[in-house]
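Subject: Model for you to look at

Hello,

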2 protein chains.
Amino acid sequence: MPIENPFYSPDVQGPYELYSVGRFELEDGGVIPDLTLAVATYGELNAARDNAILIPTWFSGTHQTWEQVYIGPGRALDPERHFIVVVNQIGNGLSLSPHNAADPSIAMSKFPRVRIGDDVRAQERLLREAFGIERLALVVGGSMGAQQTWEWAVRFPEKVLRAAPIAGTAQNTPHDFLFTQTLVEAITSDPGFAGGEYASHLDVQAGLGRHADIWAVMGLSTEFWKSGFWKAVPMLDGETTEDFEEFQAGFIRALFRLMDPNALLTMGWKWQRGDVARSIGGDLAAALGRITAKTFVMPIDRDMFFPVADCEAEQRLTPGSELRVLPSIAGHFGLFGFEPSYVEEVDRNLSELLAAPV
Amino acid sequence: MPIENPFYSPDVQGPYELYSVGRFELEDGGVIPDLTLAVATYGELNAARDNAILIPTWFSGTHQTWEQVYIGPGRALDPERHFIVVVNQIGNGLSLSPHNAADPSIAMSKFPRVRIGDDVRAQERLLREAFGIERLALVVGGSMGAQQTWEWAVRFPEKVLRAAPIAGTAQNTPHDFLFTQTLVEAITSDPGFAGGEYASHLDVQAGLGRHADIWAVMGLSTEFWKSGFWKAVPMLDGETTEDFEEFQAGFIRALFRLMDPNALLTMGWKWQRGDVARSIGGDLAAALGRITAKTFVMPIDRDMFFPVADCEAEQRLTPGSELRVLPSIAGHFGLFGFEPSYVEEVDRNLSELLAAPV
């Protein structure tokens, strides 16, 4: 029986549609009998079918932050000009995930291993079969969305005209792998996790809380906390606070505790193994050398686990690409768009990229 | 009954002496009936009693790393010229700690809260009563040892001629507090921890392992892991490896799993609350303004939780101080002295500091 979790509903996340891409063979082995993707679209596909933008989602995120922070009339991602397709990644709680799988052979702890490459292949099939889209004006995504963006640009170079990986790498680093492992362990070590066969995410609140506590360290920055920037950021209850531990509990803990443990683990496993070189024999330079998209590589300056140096090293291996560093006091969580200056900088770069001839 | 843990023995840690400073009232309330400090000394106190150097220890560390990496003839910390006193911090497993307290009223979970200021006052008493030392040519320490160094320079300005806080701050930041909290939770969440009343550290191996896994992320750096630097670093068994997960398990996990959980928690609580301004009303600028020592503030360039920016902000508030950034690919764990270039840079700075007129 699928677990009901109100966090993963249109009431909380805003509207989306479910699309099936049918039977789906996974790169790590195994088959998903019927792969359902949760998709939100904005704008209309034009007659030439050349105004499509794809946005894959990040760890624990959904289409909602993109809708609220990045997409809008007059913005770079403008639904009056573009057909914007946000595809929730496999295992994110809206698309097929361990807790919502009706098929008992893949439910909960039986959910198969999914790779970044699986998401990208499923998205390619979805775009083709559901929307008739063969080429993308832009693929843009943050964090794990950047991993998928890189994978798209390497795997389907003829389909991706422009790419903007924000705060994420093409090949995950050992440091990032080890970081993600601490997130995984925070959850699996909770006795309530029960090997993935809990009855409700409410049974795993301690583990989800510890998982959130690690995010509060690695997802943000020393300046975010020391400056008191958070004092103006509403917690989930809409209130603000002068106490940093209360903010941590009321924002970060409160948010992650709404989520499904197996969903987070599915995404975590996938994140750890993101690697565009995997499908072509392990040579990162050769993989990135395949890219023909006009690419802006956009790390966030204070990011602690997709740091500028790691992103810049990949940018240098990517033909015709440019490095565009985004400033945010919030580090990786700058992706949430706390600062108008960050959002404007993203818009400026994406507008320039979309205007670039390809 | 004190718990026997062979890690905390002269066989493993090298020779040290136990000194009692007697009955000791703690800043957070409570009393230690008989406070015993584990002390290692190198060299001889001269007749003028003006060649003494004090080294307080870091989280989870002992005098041993200082002896092996930083002290030696011809070095800046030269036992042929100086009388070097390394005092193991309270709760580090060698000095009085929860697991070795013979007095049941302060054993294990009953161990009182100890602050950085307690260590510094206990060290001041020890130096005076046991060695007749009234002034220090230098106080130098790394990480929590830097916290103690700062506290010494603020609290006893007339006694500290020179100070060198390496990779540590005078006032702990919220980010650092939250980081340390994840270390604490990794241990206390282990059912084997039993509220601090475990029978052996072997009962808490899962929690100690998760604690170590977080260290592997925050204690090192993305470059340390990505570069393969660790391939040349022997694990605890003396072997090297080509696999980063094996190195993580064989070095970092293996090391922290030898330690006592309550000892780590005692130090963690203390670390979280390091603040030189606490004893004089909370004004950091006023506290640092008290310092008369010639001070070199020495952050490590890739440190993820005592980052250069946080150390530099304090350096600017410290009269007559200088910022000396130390390079290390190993981030905070550069303190272990993996690189000759790091060790040479520390020596160069400490030699210059010791030669400076005061």
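How far apart do the C-alpha centres of domain 1 of chain A and domain 2 of chain A lie? The answer is 23 Å.

Some conventions first. This is a predicted model, in which local features need pLDDT of at least 70 and side-chain atom pairs count only at pLDDT 80 or more, while totals for chains, interfaces and linings use all residues. Residues are numbered from 1 along each chain as its sequence is written, and chains are lettered from A and ligands numbered from 1 in the order in which they are written.

Domains of chain A

Domain 1 of chain A covers 10–172 + 273–355, and domain 2 covers 177–264; these bounds come from an automatic or database domain assignment. Each side of the contact between them is made of 20 residues, where two residues are in contact if their C-beta atoms, placed from the backbone, lie within 7 Å. On the domain 1 side there are nine nonpolar residues, 10 polar and one charged. For these classes, Ala, Val, Leu, Ile, Met, Phe, Trp, Tyr, Cys and Pro count as nonpolar, Asp, Glu, Lys and Arg as charged, and the others, Gly among them, as polar.

The sheets

In chain A, eight strands make an open sheet of mixed pairing, in the order β1-β4-β6-β5-β7-β8-β9-β10. Two strands pair if DSSP finds at least two bridges between them. β1 (17–20) and β10 (322–323) of chain A are the edge strands; each has a single partner, so one side of each has no neighbour in the sheet. Chain B has an open sheet of eight strands with mixed pairing, and its order reads β1-β4-β6-β5-β7-β8-β9-β10.

Which strand of chain A is largely enclosed by the rest of the structure? That is β6(A) (residues 83–87), because five of its five residues are buried. A residue is buried if 20 or more other C-beta atoms lie within 10 Å of its own, exposed if 12 or fewer, and partly exposed in between, with C-beta atoms placed from the backbone. One face of β6(A) carries Phe83(A), Val85(A) and Val87(A), and the other Ile84(A) and Val86(A).

β6(A) runs antiparallel to β4(A) (residues 36–42), with four bridges joining them, and Tyr42(A) stands opposite Ile84(A). With β5(A) (residues 52–56), β6(A) runs parallel and has five bridges; here Pro56(A) is opposite Val87(A). β5(A), helix α2(A) (residues 63–70) and β6(A) form a right-handed β-α-β unit (right-handed if, with the strands pointing away from the viewer, the path from the first strand over the helix to the second runs clockwise). β5(A) is also parallel to β7(A) (residues 138–142), through two bridges, and Ile53(A) has Leu138(A) as its bridge partner there.

The core

Ile53(A), Leu136(A), Ile53(B) and Leu136(B) touch the most other members of the largest nonpolar core, which has 226 residues. Such a core is a set of buried Ala, Val, Leu, Ile, Met, Phe, Trp, Tyr and Cys residues joined through C-beta atoms within 7 Å. Leaving aside neighbours within four places in sequence, the contacts of Ile53(B) include Leu77(B), His82(B), Leu136(B) and Val140(B). In β6(B), the bridge partner of Ile53(B) is Ile84(B).

Residues in loops

Two non-glycine residues of chain A have positive phi. For Ala167(A) the value is about 55°; this residue lies in the loop between β8 (162–166) and α5 and counts as buried, with 27 C-beta neighbours inside 10 Å. For Ala194(A) phi is near 55°; Ala194(A) is in the loop between α5 and α6 and is partly exposed, with 14 C-beta neighbours inside 10 Å.

Regards
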